[in-house]
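Me: I have a model open and want to learn to read its features. Can we take them one at a time?

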Amino acid sequence: MQGKILSPQLIIGDDGKRYEYDKNDVVNLGNKDLALLTGSQVDFVSFDKRVAKSIYIINENLNVSSILSADSISFARTKALWGLGLLIFSFIPVIEKIIGIGLQFFNFIPYIEPIIIGLIIGIVGFVLYSMAIYSVSKAAASKSLFKNYIIAVIIGFLGVFFFMLAANSEHVSIGTSVIAVLLLGTMIALIIAAIYGYRIHTELAMLSGSSLFLWAFWIFVVGVLLCFFGAFIFFVGFGDFLLVGFAFFFFFAGFGGLIMAWVLLFIAWWHFGKVEKR
């Protein structure tokens, strides 16, 4: 008899009846993930009209939605790697604008600024990485991983928003006292985000058995601090050649730290093959 896979435990036959099955009865499954084979055609036999045996996949039906929704570690890793790749790729127009290297990397699309294209790519990368964290939390049955991730992201973005307001105080017409409050809010928000970030990467390190997640986190923290310190010196000492030079030194040192953290995180996800027992 032939039919289609409805789920990793259920097949609907051409006769309209549903048959339960075990993945060990799928003869040619190999290393494929059943969660991604929904809708695939199969050939099988049934002896009691409720259970399918000797199942052969005769026509696979892989699709993007099934890959994105899969919660296995292997596909969580794939989403994380793509997310990290797109995030670093999205910074190319920002780097071009800061350094002025003039590569014109995203100018192949007319009427749209390269910064906007980079922003769109960054959002896609962020969504994929968030889905990877969610998939790991589901696969590991963790009640804290994704919750801590969401809290860290929200508070982190809030801290960056406060800092941007303070940095652009001349354009938004705010007083010195308000700037001080915004900078204090930035510090508090980033400290809280760092605490939750530490919890996230500690859990990822524990689940994966790789300390690279923690190394990546600490180097990222140092990189962010150096970048913010460099930006602070730049705005305070604008016009002073020596202070501006120090600002760029800290900024580029921090940026180098961020790149190193990204590389370590990429390697950590690359080797994330299974969830270690707690």
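Reply: Start with Ser208, which is buried at a relative accessible area of 12%. Buried means under 20% relative accessible area, exposed over 50%, and partly exposed in between (1.4 Å probe, protein chains only). This is a predicted model: local features need pLDDT of at least 70, side-chain atom pairs count only at pLDDT 80 or more, and totals for chains, interfaces and linings use all residues. Residues are numbered from 1 along each chain as its sequence is written, and side-chain values use heavy atoms, with hydrogens and water left out.

Me: Where is the place of Ser208?

Reply: Ser208 sits in helix α7 (residues 176–208). Helices (H or I, at least four residues) and strands (E, at least two) are DSSP runs, numbered from the N terminus.

Me: Which backbone oxygen lies 2.7 Å from a polar atom of the Ser208 side chain?

Reply: A polar contact is a pair of N or O atoms within 3.5 Å; within protein, one must be able to donate a hydrogen and the other to accept it, and residues adjacent in sequence count only if both atoms are side-chain atoms. Here the oxygen belongs to Leu204.

Me: How many salt bridges does the count come to?

Reply: The rule asks for a side-chain nitrogen of Lys or Arg within 4 Å of a carboxyl oxygen of Asp or Glu. The count is 1 salt bridge. Asp25 and Lys53 form a salt bridge through their side chains, at 3.4 Å, N to O. Asp25 lies in the loop between β3 (18–20) and β4 (41–46) and Lys53 in strand β5 (residues 52–59), so the pair ties together parts that are 28 residues apart in sequence. Lys53 is partly exposed, at 34% relative accessibility.

Me: Which strands pair with β1?

Reply: Pairing needs at least two DSSP bridges between two strands. Strand β1 (residues 2–7) runs antiparallel to β4, joined by 3 bridges. There, Gln2 stands opposite Asp43. β1 also pairs with strand β2 (residues 10–13), again antiparallel, over 4 bridges. Ile5 faces Ile11 across that pairing. β1 and β2 make a hairpin, with 2 residues between them.

Me: Which residues make the nonpolar surface patch?

Reply: Patch residues have over 30% relative accessible area and no salt bridge; like charges are joined within 9 Å, nonpolar side chains (Val, Leu, Ile, Met, Phe, Trp, Tyr) within 5 Å. Areas come from the Shrake-Rupley method with a 1.4 Å probe; for residues, only the protein chains shown count as cover. Ile88, Phe89, Ile259, Val263 and Ile267 make a patch of about 330 Å². α2 (73–90) and α9 (241–270) each give two or more residues. α9 gives the most, with 3. Ile267 lies in α9 and is partly exposed, at 32%.
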